[in-house]
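The points are numbered and may be read alongside the coordinates.

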Amino acid sequence: MVKIAPSILSADFSKLGEEVKRAEDGGADLIHVDVMDGHFVPNITVGPIVTKAIAPLIKIPIDIHLMIDNPQCFIGDFFESIKDRENPQDSISVHVEACIHIHRVLKEIRSYGIKAGVALNPATSLDTIEYLLDSIDLITIMTVNPGFGGQVFIDTMIPKIKKAREMIEGRNIDILVDGGVKADNARKIVKAGATILAAGSAIFNGTNSIENNIRKIRNALKRSE
Ligand code: DX5
Ligand code: ZN
């Protein structure tokens with residue numbers, strides 16, 4: 001069963017608590033939080049204060065996507081912000097491009113009893129994670145250049161998703177696809193091998209309700225089966 005992870009980057013931040021609750025009630029499987037530092041990506045978003053604020057409002061897992069330099073300096077703070085939930089399904093993902101000693105960072109994340117994720121920019125080869133697979137619970141394949149919501153899905157990432165699926169072979173690793181995911185392309189992304197779809201603008205933007213937008217993506221997937 002494919003999971004849907006609304007990315008709060010496109011939510012209305014003046015009522016973020018209500019938005020994440022609405023997403024949970026509307027059938028979201030997890031909440032994807034985009035953390036940006038203005039260095040690793042050309043945009044700044046939120047820190048552990050915000051993950052701490054939303055953590056007690058929802059029961060579904062939280063996936064913290066760190067698009068920051070030196071993520072090893074902040075893993076502890078982000079874990080602190082969600083630790084009261086004691087949810088082993090929560091995850092923190094770091095970019096391979098941002099970590100020199102990524103094996104150590106992944107070990108630290110797992111040491112907190114949550115899932116360890118790696119994220120790869122569109123230009124980054126899957127070879128970078130070949131020797132890390134035993135330390136990874138979640139691979140985020142970026143299908144836009146990270147930094148902003150509402151960008152167009154990069155179609156040449158479809159073969160990369162397929163390759164990631166082949167690479168993990170029967171391991172218990174999720175493949176999360178992040179960037180430009182909509183009801184229109186959800187089917188081919190899942191066919192390629194994604195197990196989690198992160199979607200921001202397709203869920204939080206426009207006039208339809210969050211619930212309807214989640215349903216629209218799910219229905220598009222059903223039609224494919
Ligand atoms: C991009 C972020 C994505 C983004 C997706 O830098 O990592 O999670 O919010 O937004 P959409 O779905 O609008 O492309
Ligand atoms: Zn993201």
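Is E24 buried or exposed, and what is its relative accessible area? The first point below takes this up.

This is a predicted model, in which local features need pLDDT of at least 70 and side-chain atom pairs count only at pLDDT 80 or more, whereas totals for chains, interfaces and linings use all residues. Residues are numbered from 1 along each chain as its sequence is written, chains are lettered from A and ligands numbered from 1 in the order in which they are written, and side-chain values use heavy atoms, with hydrogens and water left out.

1. E24 is buried, at a relative accessible area of 19%; buried means under 20%, exposed over 50%, and partly exposed in between, with a 1.4 Å probe and protein chains only. E24 belongs to helix α1, residues 16-25. Helices (H or I, at least four residues) and strands (E, at least two) are DSSP runs, numbered from the N terminus.

2. Leaving aside residues up to four places away in sequence, E24 touches L57, I58, K59 and I60, where contact means heavy atoms within 4.5 Å. Between E24 and N185 the separation is 161 residues in sequence and 23 Å in space, C-alpha to C-alpha.

3. The zinc ion (ligand 2) is coordinated by H32 through NE2, D34 through OD, H65 through ND1 and D178 through OD, at 2.0 to 2.3 Å. Donors are N, O and S atoms within 2.8 Å of the metal (3.2 Å for Na, K and Ca); water is not among the atoms, so sites may look incomplete.

4. The site of the zinc ion (ligand 2) is octahedral, with angles of 70 to 170° among its six donor atoms. Six donors count as octahedral if opposite donors are over 155 degrees apart and all others between 65 and 115.

5. Along the chain, the donors of the zinc ion (ligand 2) follow the spacing H-x1-D-x30-H-x112-D. H65 in strand β3 (residues 62-67) and D178 in strand β7 (residues 174-178) link distant parts of the chain, 113 residues apart. H65 is buried, with a relative accessible area of 0%, and D178 is buried at 8%.

6. Most residues other than glycine have a negative phi. N70, in the loop between β3 and α3 (75-82), has a positive phi near 45° and is partly exposed at 43% relative accessibility. E86, in the loop between α3 and β4 (91-95), has a positive phi of about 45° and is exposed, with a relative accessible area of 70%.

Note on methods:
Four donors count as tetrahedral if all angles lie between 85 and 135 degrees; four count as square planar and six as octahedral if opposite donors are over 155 degrees apart and all others between 65 and 115; anything else is irregular.
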